[in-house]
Amino acid sequence: MRKLRSMRRLTPLATLVLAPLLGSCAWGAYLPPSTALERQINGQYEGIGVGPTGRVPYRFNVALVERDGRASGTLVNLESRKTYAGSGTFKRLQDGTELTLNLYENGRHRANVYLVRRDQNGQVSLDGHLRTVLLGRETFGYTLSLKPMQGVAQP
């Protein structure tokens, strides 16, 4: 019984002593949840791809992690409902941001996408190309033009 009482007195004392030490560790490790560039680019885009099979509607969800220089996203063919997940890199350009992703379906490399995000005259767009991959080689190419979705919350 005495041991339990002494433990009760020790616990608040230990908390007072350890709190500043633990707090200082957390303070140094704090990273903001998102940067201005991430807030600017992350989100959902929709548009059209034009290629050998004609005009195809696409939806693209993208997320950047600026400190790692990484980009990830999903591309959905709204006609066939096929979804491709991918990852890659991004670079800041003088007039925008360049995204390069390898896209996979069921673990198989299916396409490469190269997009440049530009903000011209208040109009934001992701423009570039999508190249399908067959037997390890890029084959069919589509020109992509995507616009941000209105009313979709940006993370």
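## Contacts along the chain

Among contacts in the protein chain between residues at least 6 apart in sequence, 32% join residues at least 24 apart; a contact here means heavy atoms within 4.5 Å. This is a predicted model, in which local features need pLDDT of at least 70 and side-chain atom pairs count only at pLDDT 80 or more, while totals for chains, interfaces and linings use all residues. Residues are numbered from 1 along each chain as its sequence is written, and side-chain values use heavy atoms, with hydrogens and water left out.

## The elements in order

Let's walk along the chain. The protein chain has two helices and eight strands, and from the N terminus on they run α-α-β-β-β-β-β-β-β-β. Both kinds of element are DSSP runs, numbered from the N terminus: helices are H or I with at least four residues, and strands are E with at least two.

## A closed barrel

How do the eight strands close into a barrel? They follow the order S1-S2-S3-S4-S5-S6-S7-S8, with antiparallel pairing. Neighbouring strands of this sheet are turned by 30 degrees against each other on average, direction ignored. For such angles, axes are lines fitted to C-alpha atoms (for helices over the stretch in contact), and angles run from 0 to 180 degrees between N-to-C directions.

Two strands count as paired if DSSP finds at least two bridges between them. In general, strands of a sheet pair through backbone hydrogen bonds, either parallel or antiparallel. Strand S1 (residues 43-51) pairs with strand S2 (residues 54-65) in the antiparallel sense over nine bridges, and Gly43 stands opposite Val62 in S2.

## Two hairpins

S5 and S6 also pair in the antiparallel sense over nine bridges. Here Tyr104 has His109 in S6 as its bridge partner. The hairpin of S5 and S6 has two residues between the strands, and Asn106 takes a positive phi near 55 degrees in this hairpin.

Next come S6 and S7, which pair in the antiparallel sense over ten bridges. Arg118 stands opposite Ser125 in S7. The hairpin of S6 and S7 has two residues between the strands, and in this hairpin Asn121 takes a positive phi near 55 degrees.

## The largest pocket

The largest pocket has a volume of about 400 Å³. Of the 20 residues that line this pocket, the closest to its centre are Tyr58, Asn77, Tyr84, Thr132 and Tyr142. A pocket is found on a 1 Å grid over the protein atoms alone, as an open set of points where a 1.4 Å probe fits, with protein on both sides within 12 Å along at least five of seven lines; lining residues have an atom within 4 Å of a point.

Which strand gives the largest share of the lining of the largest pocket? That is S7, with four residues. By class, the lining has eleven nonpolar, five polar and four charged residues. Ala, Val, Leu, Ile, Met, Phe, Trp, Tyr, Cys and Pro count as nonpolar, Asp, Glu, Lys and Arg as charged, and the others, Gly among them, as polar.

## Buried or exposed?

Of the 155 residues of the protein chain, 30% count as buried. Buried means under 20% relative accessible area, exposed over 50%, and partly exposed in between (1.4 Å probe, protein chains only).

Thr97, in strand S5 (residues 96-105), is buried because its relative accessible area is 5%. Leaving aside neighbours within four places in sequence, Thr97 is in contact with residues including Leu37, Phe90 and Leu115. Gln150 lies in the segment after S8 and is exposed, with a relative accessible area of 71%. Gln150 and Tyr45 are 105 residues apart in sequence and 8.9 Å apart in space, C-alpha to C-alpha.

Terms used. Grid points are joined across faces, edges and corners, and a volume is the space filled by probe spheres set on the points.
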